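The sequence and structure are shown first.

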Amino acid sequence: MLGDRADIHDYDDATTERLLGIAADVLRSFGSAFGGKHLAIVGGAVPSLLVPEPPRGIERHAGTGDLDLHLSLHLMDGETADYYQAIVDGLRRLGLRPDRQNGRDIKWRWVGRHREIRVQVEFLCPVRQRSGKAEDPAAGTPAEANIGRSGEITALAVGYGHLVLEDTITVERRVETSRGLLSYEFPIAGVASWVCLKTDAMMRRDKPKDAYDIVWLADALGPAGAAQVIKASPLLSGDNAEDVRAQLTRLARDQFHNIESIGPQAYADFLGDGTNPALKRHAMGTITALYDELVAQGVVPGP
């Protein structure tokens, strides 16, 4: 597993491509019960799935050794008993087990070796209680909830996870699975919900790759293109539109406000040159251009 402070030199294209095949192995191990429902890939695997061939002048995305799966509340509530048992059985067939930390099982993080690569699968879910939204308390601790009744597996609650279910898309990629090449349909968080999750993650943890992932995707799609994709999200026409707008504003007006802000610094740190002002200016300029496009397209209010 790569640590939170890992930089771009810890990643390579060959490993990234192979891990997409392993991601397909993991999802296929759960069987056909899900039918594209109840889970979505979030985290660092999303940019590579959205933009497999970046435009000229932009290097391929430095992927991730982790597979982050966001689960729906229907699954968390035990309404889908066959589904969570399929998850446990599938992970075990691949040789994965709960991680161990300080003498206890970390049941929301499963690890092991598959196809000679160390695989880490993390399970995430929405936070139950949100301002203005009356919801039942989560099972387990406030940050961790059981999946189903057996207690064999849990999920870690993450901020803005409630956006993912309404903003999940399917991306088809031809990958090398353990059984051979396959065009697999990956369920992933859409750009709007993904950016909101990443923005919240940047506030809550010190992981430079979060900043890199956001800047890279905005560069690869282009600020205008990224803004168009975000505008087209169903989230912008629903009850969660203000949550999305608030996170987009936080990203540009706080985390990437200037080159002294945490976003540009984290971006430069991940690229291995934290003192390089050009890298910081590029990161700030990319997110500023994205926000300006969002203003121009009427997604967020102007200054």
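Is Cys125 buried or exposed? In this predicted model, Cys125 has a relative accessible area of 2%, and because the limit for a buried residue is under 20%, Cys125 is classed as buried. The residue belongs to strand E5, which covers residues 117-126.

## The largest cavity

Four cavities of 30 Å³ or more are found in the structure.

Helix H1 (13-29), strand E2 (66-71) and strand E5 each contribute at least two lining residues; H1 provides the largest share, with six. Sorted by class, the lining comprises nine nonpolar, seven polar and one charged residues.

## Helix H5

Helix H5 runs over residues 191-204 and contains 14 residues. From its first C-alpha to its last it reaches 20 Å, close to the 20 Å expected at 1.5 Å a residue.

Of these 14 residues, 12 are buried, so H5 is largely enclosed by the rest of the structure. The buried residues are Val191, Ala192, Ser193, Trp194, Val195, Cys196, Leu197, Lys198, Thr199, Asp200, Ala201 and Met202.

Definitions and conventions: Residues numbered from 1 in each chain as written. Predicted model: local features only at pLDDT ≥ 70, side-chain atom pairs only at ≥ 80, totals over all residues. Heavy atoms only, no water. Helix = DSSP H or I, 4+ residues; strand = E, 2+ residues; numbered from the N terminus. Expected span 1.5 Å × (residues − 1). Buried < 20%, exposed > 50% of the residue type's maximum accessible area, 1.4 Å probe, protein only. 1 Å grid on protein atoms, 1.4 Å probe; cavity = no way out; pocket = protein on both sides within 12 Å on 5 of 7 lines; lining within 4 Å. Points joined across faces, edges and corners; volume = space filled by probe spheres on them. Nonpolar A, V, L, I, M, F, W, Y, C, P; charged D, E, K, R; others polar.
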